[in-house]
Amino acid sequence: MAKRLFGTNGVRGVVNDDMTSELGLRLGKAIGEFFGGTVAIASDTRVSGDMIKSAVSAGLMAMGCRVLDLGVIPTPAIQYFVKTHNHVSGGVMITASHNPPEFNGIKCIAPDGTELHRSDEEQIEKKYEEDVPCKPWSEVGTRDEVLGAADSYVDAVVSLVDSETIRAANLVAVLDCANGAAYYTAPLLLSKLNVRAITLNANPQGEFPGHPSEPTEDNLAILIETIKHTKADIGIAHDGDADRTVFITEKGEFISGDKSLALMAEMAVSKKGGGKIVTPVSSSSMVEDVVVKAGGEVIYTAVGSPVVARKMIDTDAIFGGEENGGLIFPDMQYCRDGAMTAAKMLEYIADKGSLQERIDALPVYFTDKRKLECPAEMRESLMEHLKKLNAARTTDSTDGLKIIYPDGWVLLRPSGTEQIFRIYSEAKDTETAEKRGAYYEGIVKDFLNSYKI
């Protein structure tokens, strides 16, 4: 059986440790053997981007592929390019998304612009293990630089929102690009929508000197302060590869991904007069509350944007997304899309008014999130232990173990990208959420400690 390389979002690792040029070359050959034909490639702003991209490109060309280098663009921009160019057989994005700057990653994109299905990743992993032979010298591929992919992507987003309503609203936004892949596309998008942008961290500096690329409340402190001083209508922040977006209200309140997911779901269902919304089991109950009230239906999946996207395709869903700010708008494409998320939220406030007022009107839940180090070899036995302990309770095993309570739930699951174990606890009050989270943290710690002994 081939060694598993791909996690929830591609192959990731520390550069020149486990993410090396040798790995990039060999994986590039495996990807080239799988896709064949013409393959698009791009990267975010990480300092190691050129090194890994060059290695993967060499592997692709060694297998006879024509490589189209789109430069530094957001992940959804290369996905849109692959989707809209029939002669392109697949794509490769060099990114580690929100991980620290010493990380990088390799993500594969299917011909329809979605992330590859797990079964396809397994085929690539098998070819990687085999170390497939290169093509003869006369059949090696070529590499061409392609300009304009970022502009075409932004134009597509503008065409799929109510741009006239947004332009007429004369909105002001504070925009934080994290010095990542959105450094060009995000300011351009706001300019085309007549939104005055006060930009922060809008330079392609892959060390992420402004703040870490994960758009958490702590990392966005300067953005929050800027909104308070400028009286902007909204704050917009992207992660490193700009497939996710989080928001700040005009009062400076950080909006959790659950809340923006709920607002966008409500907007989609209201406009369609119903419809299916797809989201992972980790999403807040507020999403279902809002969707059902608006006349829609929620379908739950395992955690991971590719899983959500494929379920959306299978069920003809009108909208979907995760609680981390990764939202999927099928009119554009079946993948997390930071620019589309930003544009849709601008449309929402241009139509509805104050973002703070809309957030305050949402159902109230409190979430307690914890994580512990957990070696990969201990995951299976830990999950079996937890299932036995909760055999008499109402549970959902769609992804990990979700324990259902009358006033909330607890989700226990190992991470798909790191050697950690996550504990999410949601309830109607903070004390209950924290109490349940602490209870299961203690159970997990006891098990891991006894296992080590």
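1. The largest cavity in this predicted model is lined by Pro74, Tyr153, Ala182, Thr185, Ala186, His238, Ala242, Gly338 and Ala339. Two elements, α7 (182–192) and α12, each give two or more residues to this lining. The greatest contribution is that of α7, which supplies three residues.

2. Helix α12 spans residues 338–352 and lies across strands β9 and β10 (245–248). Its direction is at about 170 degrees to that of β9.

3. The sheet to which these strands belong is open and has five strands, in the order β8-β7-β9-β10-β11. Its pairing is mixed. At the edges stand β8 (196–200) and β11 (254–255), each of which pairs on one side only. Within the sheet, β7 (residues 172–176) and β9 (residues 234–238) pair in the parallel sense, over four bridges. In this pairing Val174 is placed opposite Gly235 of β9.

4. Which residues of helix α8 are buried? In α8, which covers residues 221–230, they include Leu223, Ile224, Thr226 and Ile227. Because the buried residues fall within an arc of 160 degrees when α8 is viewed down its axis, they line one face of the helix. That buried set packs against four strands of the sheet, namely β7, β8, β9 and β10. Ile222 and His229, on the other side of α8, are exposed.

5. The backbone just after α8 deserves a separate remark. There, Lys231 adopts a positive phi of about 55 degrees.

6. A further point concerns Lys29, a residue of helix α1 (residues 21–35). Is Lys29 buried or exposed? Its relative accessible area is 11%, and because buried means under 20%, Lys29 is classed as buried. Leaving aside residues up to four places away in sequence, Lys29 touches Gly59, Leu60, Ala62, Met63, Asp131, Val132 and Cys134. Lys29 and Ile124 are 95 residues apart in sequence, while their C-alpha atoms are 9.3 Å apart in space.

Key: Residues numbered from 1 in each chain as written. Predicted model: local features only at pLDDT ≥ 70, side-chain atom pairs only at ≥ 80, totals over all residues. Heavy atoms only, no water. Pairing = 2+ DSSP bridges. Contact = heavy atoms within 4.5 Å. Axes fitted to C-alpha atoms, helices over the stretch in contact; angles between N-to-C directions. Buried < 20%, exposed > 50% of the residue type's maximum accessible area, 1.4 Å probe, protein only. Arc of directions from axis to C-beta. 1 Å grid on protein atoms, 1.4 Å probe; cavity = no way out; pocket = protein on both sides within 12 Å on 5 of 7 lines; lining within 4 Å.
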